Amino acid sequence: MKRTLTAIALGAAASTVAMAQTAPNAVSFGEYGQIEESLTGVAGDPAAGLEIMVTRGKGNCIACHQVTALEDYPFHGEVGPSLDGAGDRWTEADLRGIVANAKMTFPDSIMPAFYKVEGFVRAGDAYTGKAAEGALDPLLTAQEIEDVVAYLMTLDQYYD
Ligand code: HEC
């Protein structure tokens, strides 16, 4: 009985979160590519954001970015700039926009858009006209974007 009640409570909490989310194709970007409003209305968890940033198959941000606070994790790449001080030089809204779709801030960026489901050139289209149909899942969920942004906001130190 107790277990059933817990399951019902969890289900209710999950659907509340889902309802409050902004869908990838409903995100509104500002003039500089920033996103002013939280995608979920739920504060990001910086510890969860750290895990996403260092996990292949999630953010895998350290494949391209050096971060001194994450130097214990292997495979740092330097395709992108160091993220040291990112929480100092960008606002939370700027960082949310960069992580969701970096091309709105840096038009020719090779950084993947982590919260985007349409507007891709789908492999197959040009050749067969048989590319996958329907919506793709974004690389990160709305809450994962918020978690990563919360972690980036902690990176307010510069090292030399
Ligand atoms: C494929 C490589 C690649 C990956 C993966 C990547 N980025 Fe980037 N990122 C870049 C590049 C390159 C830039 C520089 C902007 C540009 O393209 O002109 C950049 C820029 C940024 C910036 C602004 C840099 C500054 O000046 O402070 C932030 C913040 C950022 N990335 C965060 C992230 C986060 C967080 C992730 C993981 C969720 C991530 N990036 C994954 C390549 C990458």
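1. Let's start with the overall plan: the chain has six helices and zero strands. Here helices (H or I, at least four residues) and strands (E, at least two) are DSSP runs, numbered from the N terminus. Reading along the sequence gives the pattern α-α-α-α-α-α. Please keep in mind that this is a predicted model, in which local features need pLDDT of at least 70, side-chain atom pairs count only at pLDDT 80 or more, and totals for chains, interfaces and linings use all residues. Residues are numbered from 1 along each chain as its sequence is written.

2. How much of the chain is buried? Of its 160 residues, 28% count as buried. A residue is called buried if 20 or more other C-beta atoms lie within 10 Å of its own, exposed if 12 or fewer, and partly exposed in between, with C-beta atoms placed from the backbone. Two residues are in contact if their C-beta atoms, placed from the backbone, lie within 7 Å.

3. Now look at the pair α2 and α6. The axes of helix α2 (residues 46-54) and α6 (142-153) come within 7 Å and cross at roughly 100°. That makes α2 roughly perpendicular to α6, a label for angles of 65 to 115 degrees (under 35 is roughly parallel, over 145 roughly antiparallel, and the rest oblique). The axes are lines fitted to C-alpha atoms, for helices over the stretch in contact, and angles run from 0 to 180 degrees between N-to-C directions.

4. Which residues make this meeting? Pro46, Ala48, Gly49, Leu50, Ile52 and Met53 of α2 meet Glu144, Asp147, Val148, Ala150 and Tyr151 of α6. Sorted by class, the contact has eight nonpolar, one polar and two charged residues. For this sorting, Ala, Val, Leu, Ile, Met, Phe, Trp, Tyr, Cys and Pro count as nonpolar, Asp, Glu, Lys and Arg as charged, and the others, Gly among them, as polar. Within α2, the buried residues are Gly49, Leu50, Ile52, Met53 and Val54, and what covers them includes α6.

5. The largest nonpolar core has 28 residues, of which Met53, Val99, Ile145, Val148 and Leu152 touch the most other members. Such a core is a set of buried Ala, Val, Leu, Ile, Met, Phe, Trp, Tyr and Cys residues joined through C-beta atoms within 7 Å. The elements giving two or more residues to this core are α2, α4 and α6, and α6 gives the most, with seven residues.

6. Why is α4 largely enclosed by the rest of the structure? Seven of the nine residues of α4 are buried, so the helix is largely enclosed. Those buried residues are Asp94, Leu95, Arg96, Gly97, Ile98, Val99 and Ala100. They pack against α3 and α6.

7. Next, the ligand. A shell of 25 residues surrounds the ligand, and the closest are Gly59, Cys61, Cys64, Gly80 and Ser109. A residue is near a molecule if its C-beta atom, placed from the backbone, lies within 6 Å of it. Elements giving two or more residues to this shell are α3 (86-89), α4 (92-100) and α6. Of these, α4 gives the most, with three residues. By class, the shell has 19 nonpolar, five polar and one charged residues.

8. Asn101 sits in the loop between α4 and α5 (125-128) and counts as buried, with 23 C-beta neighbours inside 10 Å. Asp156 lies in the segment after α6 and counts as exposed, with 12 C-beta neighbours inside 10 Å. Not counting residues up to four places away in sequence, Asp156 touches Gly85, Gly87 and Asp88.
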